[in-house]
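Hi,

Here's the structure I said I'd send over. Have a look first, and my notes on the core and the domains follow below.

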Amino acid sequence: MVHADTVRRPGKVFADMVITNIGQLLTMNPGKGPKRGAEARDLGIIENAFLAASQGKVAACGPQAAFSETVELVAGATVIDAGGKVVAPGFIDCHTHVVFAGWRGEEYGMRSRGASYLEIAAKGGGIMSTVRATRAASREELIERTLGFLDEMLSLGTTSCEGKSGYGLNLETEIKQLEVIRECSRLHPVDIVPTFMGAHAFPPEFKHDRKGYIDEVIRMLEPVSRLKLARFADVFCDVGNFTVEESRLILEEARKHGFELKLHADELENTGATELACELGAVSCDHLIKVSQRGIEMLAESDTITVLLPATSCFLGEFPGAPGRRLIDSGAAVAIATDFNPGTCTAMSMPLVMTLACSVLGFSPEEAFVAATWNAGWAAGLGGIAGGFAQGLAMDAVIFDTQDYLDVPYRFGTNLVHTVIKAGKPVRSKNNK
Ligand SMILES: [Zn+2]
């Protein structure tokens, strides 16, 4: 209710959407860049708070007691009473392979019964089975599936994600995947930041011609760039995939075409990929299970975001996974993501990833929250745009059905998401899906 005596009060902000009576508002205390060290444990909590937005962006936040003197609601404004619940920025899933056809449950069964990687590959499993299925799928089929995945992400509190191509491994299908990303991002509340990953694997046609496929990937950069289909270029730099020198060649060409860089680094073996990512000034360097001490030091000194994917290592039964605690303690800026894909991580849940970051990688719950929101934004190209609450940032918010933020990682396997707000609009609610 707006009182007449406050209508023309100077300094008030207009709002078309507010959340009131928030028990704990996790602002992430947004600063100028990604957070490290003690800052990366600071959730910027305001207790008994309000959060107000205008035209999809945060207009103000603060103690509930200051609400009426701070905010003026415009006619028709949406008001949500949080009833003492926790409100946090929507999760940013900064590493996914969200566009693909088929599943690989059979392969999971074989692996769980003890089959080796080579036995699985010999039976036609592995990444090439997803490549075959994705090449065969129509654009419409891929759009429908991807929209379904985005629905599930949204129900788990994710409001933005990064999404890679890389299941085409030829120009036609790579472009099809990236067009599906663009179309789904347009149609769905969850927006997708696109990454071209033609260098995800060597396709069967080039099995005996590595140089030929690297030339092919470099040729693909021009049309992908011209059609503005991707912001990032990424390479799977690891044993059995692209070498450090091959990755360098591709990424340097990508940069000439205007792509920002990402790298799948040091997942299977240490190859020096992390050092390459830092040297090239990549936006992010992802996986890092086998990262060297030198790589950790370089990450600590660089602006490259360390992206850890604990759901992948846990799903593959590889413990303990990346040296999360050492990376944080060294001063690296760390984000976490799902790595959602049909082979090595079928989970789309950022709260699950937070639990694994805490229980397996040695994060504190506060570090996991920052890594899943504010720092993830910097890895996904949304740095300073989303992932925290301060004036001008995206009004992408999650209301959790709890009074204590610790419950989000602690209540492992339970979806505590109550309401999701994207760009100032409630888009998902437990009571009204
Ligand atoms: Zn990946």
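The largest nonpolar core has 141 residues, and Leu51, Val87, Ile336 and Ala357 have the most contacts inside it. By nonpolar core I mean a set of buried Ala, Val, Leu, Ile, Met, Phe, Trp, Tyr and Cys residues joined through C-beta atoms within 7 Å; buried is 20 or more other C-beta atoms within 10 Å of a residue's own, with C-beta atoms placed from the backbone. Strand 1 (residues 13-26) gives the most to this core, 7 residues (strands are DSSP E runs of at least two, helices H or I runs of at least four, numbered from the N terminus). The core lies between domain 1 (4-90 + 388-429) and domain 2 (91-379), because both give residues to it; the bounds come from an automatic or database domain assignment.

One caveat: this is a predicted model, so local features need pLDDT of at least 70 and side-chain atom pairs 80 or more, while totals for chains, interfaces and linings use all residues. Numbering runs from 1 along each chain as its sequence is written.

Back to Val87: leaving out residues up to four places away in sequence, its contacts (C-beta atoms within 7 Å) include Ile19, Leu51 and Ile399.

Cheers

Terms used: Buried ≥ 20, exposed ≤ 12 C-beta atoms within 10 Å, placed from the backbone. Contact = placed C-beta atoms within 7 Å.
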